[in-house]
Structure formats: structure tokens, C-alpha cells
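Let's take a walk through this structure together, one piece at a time.

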Amino acid sequence: MRRVLIVGGGQSGLQLALSLLAHDYDVTVMTVHDPDELHMGRAVSVQILYDEPRRAEREYDLGFWDDAAQPITDFRISASGEMPPFDWTGRLAAPAQSIDERVKMSTWLDLFEHRGGKVIIHGATVSDLDHLAEMFDLTIIAAGHSGLAEMFSVDSARPLARMPPVATAIAYVEEIDGNPDRDGIGVDLVPGLGHMISWPTYSVNGRCRLVFLTGPADGALADWPKRITPQGHLDRMLDLMREFLPHRYEVYAGAELADDQAVALDQANPLVRHPAARTPSGRLVMGMGDTVVVTSPALQQDANNASKAAEIYLRSILEQEDAPFDEEFMSRTFARYMEYAGHFTGEIAARLHYTPPYVIDMCVAANRDQELADRFVNGFNDPPGLASWFVDEETTRAIITKGEGTR
Ligand SMILES: Cc1cc2nc3c(=O)[nH]c(=O)nc-3n(C[C@H](O)[C@H](O)[C@H](O)COP(=O)(O)OP(=O)(O)OC[C@H]3O[C@@H](n4cnc5c(N)ncnc54)[C@H](O)[C@@H]3O)c2cc1C
């Protein structure tokens with residue numbers, strides 16, 4: 001029986017661990033927090049899974065929240081202020097879902113142990129890995145975007161492999177009466193700040209709303225206090241809404257935290273790393289999820305990517321049968337994964353990040369063209385599909401013109 005060590009109990013690590021167990025692999029997960037600590041701890045980040053990436057969860061009976069969580073069906077995108085205004089809602093062909101990681105990962109970690117997986121609660125260091133990797137056929141590092149991620153060098157040959165750092169202030173709040181976004185995702189492009197984004201989620205106290213402000217780390221979100229109470233954190237987010245988005249502030253002014261640890265602040269460097277690294281004594285380890293690919297939170301892809309990585313790595317591991325998990329295996333598997341995840345690290349990311357005039361024109365056109373609005377938002381569920389038509393200025397303008405022509 002092949003032995004696999006997975007370092008990190010997040011979306012990608014636990015999904016892969018649970019699915020490998022189902023194929024009778026001997027799997028060990030090493031992670032920092034036990035299920036109780038996870039469940040009772042502070043909020044970690046934001047997460048949304050579109051329908052396609054959820055397929056692998058369903059296949060391995062890991063989707064426990066279909067009745068509890070609100071299906072996310074609508075996707076609004078708006079801009080005002082210095083930009084030409086637009087405000088439209090696309091319909092997702094199949095619902096997305098958001099489950100607070102405190103709920104999902106504590107449940108999955110318990111389940112993994114219950115199904116016979118081995119769990120080590122310990123924050124691994126590089127020198128731990130030096131010893132441990134020798135004892136396993138394959139060691140995967142899925143420990144998020146900082147810490148052990150530094151073992152993996154940045155792939156600077158990749159176009160746009162590195163985007164400017166972003167800061168994200170996050171709060172889970174009780175759903176608000178009269179919120180026009182009640183059924184779905186709301187995205188506001190906010191000049192001077194970045195994005196305000198929210199969606200319905202399922203958290204430690206049940207259904208609520210996840211809201212976050214994300215933008216350049218040296219912009220309006222810079223200098224976030226290190227020591228701040230959860231209420232102070234929410235108040236600061238509301239102050240920014242009042243300054244940059246007075247009409248949304250009117251909706252959120254009375255927002256209440258969904259639990260007393262319902263906030264987080266994260267700094268991320270969107271980048272792509274090489275998938276393989278060596279420990280000091282030369283043992284090979286492989287990166288997965290945020291450890292090797294981080295996009296901007298405004299693109300809403302990192303949890304999708306983490307889930308697709310688990311699905312694609314699983315397929316490659318099964319196909320490898322008894323062959324060694326060498327560097328060639330790692331490059332091949334990662335290349336396969338990047339056929340999915342690469343789009344939101346390259347040109348599409350740049351287009352959505354820097355919103356050149358033709359992208360704004362497309363958003364304005366979607367105000368009048370429901371088909372275009374639907375087509376665009378469903379691209380978040382299908383990055384390769386989006387990449388097939390959201391190609392460049394010429395193609396985008398042709399699509400706008402065609403829409404105008406058929407109305
Ligand atoms: C600020 C922010 C914004 C985000 N925005 C979005 C978004 O808009 N849409 C979206 O879908 N996703 C978003 N995500 C990402 C989504 O939450 C994660 O991408 C996804 O959960 C990544 O899964 P992962 O398995 O790679 O890592 P994580 O879920 O981060 O899991 C890493 C795990 O490794 C453990 N760990 C860390 N260090 C060690 C160590 N040394 N030893 C052992 N274990 C360790 C951690 O405790 C954790 O359990 C965002 C994340 C952040 C932080």
C-alpha cells in the first residue's frame with residue numbers, strides 16, 4: 001500500500017486525503033489545529049466553490065451542507081464613481097456554495113480520522129519534512145500561501161506569474177433584512193479601494209453573510225491594526241464602506257458579527273510557484289493549492305483551484321500506480337492542473353485586475369444584454385470556457401457588437 005503524507009488540512013489537503021483513503025492508500029495528514037480548535041477558532045479566510053469544482057466533493061460523499069447552506073444563484077457586478085456606471089446581475093447555471101472553513105475542515109478532519117486516516121497535529125517545519133519525507137512514497141505540501149510555501153520557488157518564467165500584493169479584510173455578519181444581494185454574490189468595483197464582495201455562507205452558527213474588502217496592500221487597506229477586536233475590525237470595514245461606498249454602507253450600517261471570532265485579515269501575493277521542491281537533504285516534496293498558486297481574492301478562484309488541484313492530483317496519483325512519484329510526475333501533474341488554474345493567473349487575471357477600457361465597455365454592455373451577463377458570470381465556474389471567448393480586445397468588442405446587433 002502506497003504511503004502519502006499531506007501537510008495541511010485545508011480544502012485541497014483534506015479533499016485529497018479523503019479521496020485517497022477511498023482508494024485504500026495509507027494517508028497521513030499533518031496539520032496545525034485539531035477539529036475543536038478549528039471550529040472554535042478565529043475565521044480563516046473567504047471561500048466559494050462553484051458547481052464544477054464541487055463535482056469531486058460530491059463524487060467522494062464530502063458535500064454535507066447541500067440542505068443547510070443557501071444555494072448561490074445570482075452574481076451582481078456594479079461600478080460607480082469614476083467609472084462608467086454599470087449594475088447587472090448574471091444567473092449561474094448551477095448554484096455555487098460557500099462553507100466557512102471552520103465548519104468544513106473541522107468536519108472533514110474528524111471524518112478523515114473516522115475513516116481510518118492518520119492525523120498528526122503539529123505545524124511542520126522544513127527540518128521535520130527532511131525526516132518525514134523519507135518515510136512516505138509521496139509528500140504533498142498543502143499548507144496555504146505562507147510559511148512552507150517559501151520552499152517552492154516562484155516561477156518567474158510564467159507571464160504574469162506575480163501580481164501586486166493584496167490585502168483583504170473579512171467579516172462574517174448576520175444576514176441583513178432588505179439586502180438586495182440576498183440570493184447571491186455582490187461585487188462592487190471601487191476606485192481607490194479595490195473591491196467590496198459579499199455572498200451568503202454557512203458558518204459556525206448557521207447561515208450568514210460573508211463580506212470582504214480587498215485591494216492593493218499599499219492602498220486604503222494598508223496599516224490595518226495588528227491588535228484589534230473583532231468589533232473594531234468590523235467597524236473599520238464599515239468606515240471604509242461609508243467613505244468609498246455610501247450606498248452599500250446604508251445596507252450594512254447595522255451589521256452584526258455572526259460570531260465573536262468572525263473576522264480575519266489576510267495579505268496575499270498572487271503568484272505561481274514551481275510544483276516541486278527539495279528538503280535540505282534532497283528529498284522531493286510537491287506543492288498543492290495555495291502553496292503553489294495564489295490569485296487575487298477578487299477573482300474568487302482560490303477555493304475552486306484548491307478543490308480542482310485535489311481532483312487532478314488524485315487522478316495522476318491513481319494513474320501512477322506503482323511508479324515513483326518523481327520530478328517528472330510532479331511537473332506533469334502540475335501542468336495538467338494549470339490547464340484549469342492557469343487562466344486566472346494569466347491574461348484573464350490581468351484583464352479583470354486592471355480593467356482596461358474594453359473590459360469596462362463589456363461590463364456596461366452587460367447592463368443591456370442578459371445573455372452576456374450570464375455568459376460572463378458562468379465563466380467563474382469554467383475558467384477554460386471563459387478563456388475560449390474572453391480572449392482579447394478584438395474578440396471582446398466583437399461580442400459586444402454582436403449583442404448590440406441582436407437586440
Ligand atoms: C484573504 C484570502 C482571500 C481569499 N479569497 C478567496 C476567494 O475570493 N474565493 C475563493 O474561492 N477562495 C479564496 N481564498 C482562498 C481559499 O480560502 C483558499 O484558497 C483555499 O482554502 C486554499 O486551500 P488550501 O488547501 O490550499 O490551503 P488552506 O485552506 O489555507 O489550508 C492550509 C492548511 O495548512 C495548515 N498549515 C499551515 N502551515 C502548516 C504547517 N507548517 N504544518 C502543517 N499544517 C500547516 C493550516 O492550518 C491549514 O489547515 C482566499 C484566501 C484568503 C487567505
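Pro-53, Ala-56 and Glu-57 in helix 3 touch Asn-304, Ser-307, Lys-308, Ala-310 and Glu-311 in helix 8. Contact here says that the C-beta atoms of two residues, placed from the backbone, lie within 7 Å. Helices are DSSP runs of H or I with at least four residues, strands are runs of E with at least two, and both are numbered from the N terminus. Sorted by class, this contact has three nonpolar, two polar and three charged residues. In that sorting, Ala, Val, Leu, Ile, Met, Phe, Trp, Tyr, Cys and Pro count as nonpolar, Asp, Glu, Lys and Arg as charged, and the others, Gly among them, as polar.

Before going on, note that this is a predicted model, where local features need pLDDT of at least 70, side-chain atom pairs count only at pLDDT 80 or more, and totals for chains, interfaces and linings use all residues. Residue numbers start from 1 along each chain as its sequence is written.

How do the axes of helix 3 (residues 51–59) and helix 8 cross? They come within 9 Å and cross at roughly 45 degrees. Axes are lines fitted to C-alpha atoms, for helices over the stretch in contact, and angles run from 0 to 180 degrees between N-to-C directions. Helix 3 and helix 8 are therefore oblique to each other; angles under 35 degrees count as roughly parallel, over 145 as roughly antiparallel, 65 to 115 as roughly perpendicular and the rest as oblique. Their crossing is left-handed, a label used if the near helix is turned anticlockwise from the far one by less than a right angle, with right-handed used if clockwise.

Now look at helix 1. Helix 1 packs against helix 8 at an angle of about 30 degrees, with the axes 8 Å apart. That makes the two helices, helix 1 and helix 8, roughly parallel. Helix 1 passes helix 8 in a right-handed crossing, and their contact has nine nonpolar, five polar and no charged residues.

Next comes helix 9 (residues 327–341), whose axis comes within 9 Å of that of helix 8, crossing at roughly 140 degrees. This crossing is right-handed too, with helix 8 passing helix 9. By class, the contact of helix 8 with helix 9 has seven nonpolar, four polar and two charged residues.

Finally, find the ligand. It is surrounded by 35 residues, and the closest are Gly-8, Gly-10, Asp-266, Gly-289 and Asp-302; a residue counts as near if its C-beta atom, placed from the backbone, lies within 6 Å. Which element gives the most to this shell? Helix 8 does, with four residues. By class, the shell has 13 nonpolar, 19 polar and three charged residues.
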